[in-house]
Amino acid sequence: MLNNLAEIEEKSSQLSIDIGCGKAIFDDSNNPKKRYFLEKRWGTGNKILTVIMTNPSSANSLSSDNTVEFLLKYARASTDEYDALYVVNIIPLINPSTKKLDLEDKEKIRLSVKEKMNKKCIEYAISNSNEIIIAWGGFGQTYIRQLIEDEELKNVIIENSSKVKVFGLSKKETFPRHPRPNNSNRNDFDLNSKLIVATDELKKWINNRSRKKK
């Protein structure tokens with residue numbers, strides 16, 4: 001009888017062991033309404049791909065939704081040999097549909113964006129990443145202003161802007177496209193999609209929002 005994993009591996013040179021783990025931070029363990037941070041890890045190193053999106057859906061430490069599953073496959077297929085995927089969001093409120101989220105009280109959404117835990121998790125993910133994909137779509141772009149009211153976080157974003165890429169930009173280049181938007185073009189991006197450097201676009205969006213804030 002085989003007593004441990006090492007013995008199993010020794011018995012077959014063709015055996016492939018897929019090791020993975022996850023981590024997620026929610027506002028409540030029993031009935032979560034907000035997710036602040038999600039990690040999907042398959043390596044033991046510190047090479048991290050962070051994706052900043054609109055708001056969370058159903059993914060947690062043990063399961064994935066369609067978008068996170070796509071991002072996980074994309075990260076693992078990358079030639080950059082990442083060890084983990086971090087996912088954070090402009091809006092931490094859990095909702096599988098941005099259309100339904102848009103029906104929520106706008107002040108409730110703004111306050112969730114400005115929560116200390118939300119900003120700290122975004123700051124952590126950005127600061128510890130080797131590459132950052134921004135993919136929050138038009139709806140997420142609406143709430144950038146609330147996020148960058150925190151000067152410390154704003155500076156962290158700008159300092160790490162050279163790492164920023166996108167799957168694509170809107171037609172007028174006013175926001176970064178979501179990898180799995182809820183429309184007929186939802187399959188525009190696949191595992192072979194090339195990322196686009198968006199350092200200048202991000203700085204422009206932040207500066208424009210900062211001026212409107214004054």
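The following is a conversation about a predicted model and some of its residues.

Biologist: What kind of model is this, and how are its residues numbered?
Modeller: The model is predicted, so local features need pLDDT of at least 70 and side-chain atom pairs count only at pLDDT 80 or more, while totals for chains, interfaces and linings use all residues. Residues are numbered from 1 along each chain as its sequence is written, and side-chain values use heavy atoms, with hydrogens and water left out.

Biologist: How many disulfides are there?
Modeller: The count is zero, where a disulfide is a pair of cysteine sulfur atoms within 2.5 Å.

Biologist: Is Cys121 buried or exposed?
Modeller: Cys121 is buried, because its relative accessibility is 6%. Buried means under 20% relative accessible area, exposed over 50%, and partly exposed in between, with a 1.4 Å probe and protein chains only.

Biologist: And which class does Cys21 fall into?
Modeller: Cys21 counts as partly exposed, because its relative accessibility is 47%.

Biologist: What does Ile52 touch?
Modeller: Leaving out residues up to four places away in sequence, Ile52 touches several residues, including Val88, Ile126 and Ala135. Contact means heavy atoms within 4.5 Å.

Biologist: Let us turn to Thr67. Where does it lie, and is it buried or exposed?
Modeller: Thr67 lies in helix H2, residues 66-77. Thr67 is buried, because its relative accessible area is 13%.

Biologist: Which residues does Thr67 touch?
Modeller: Not counting residues up to four places away in sequence, Thr67 touches Met53, His178, Pro179 and Arg180.

Biologist: Finally, where is Lys23 found?
Modeller: Lys23 is in strand E1, residues 21-26, and is partly exposed, with a relative accessible area of 47%.

Biologist: What separates Lys23 from Asn60?
Modeller: Their C-alpha atoms are separated by 7.4 Å, although the two residues are 37 residues apart along the chain. Lys23 also touches Phe37, Leu38, Glu39 and Ser61, not counting residues up to four places away in sequence.

Key. Helix = DSSP H or I, 4+ residues; strand = E, 2+ residues; numbered from the N terminus.
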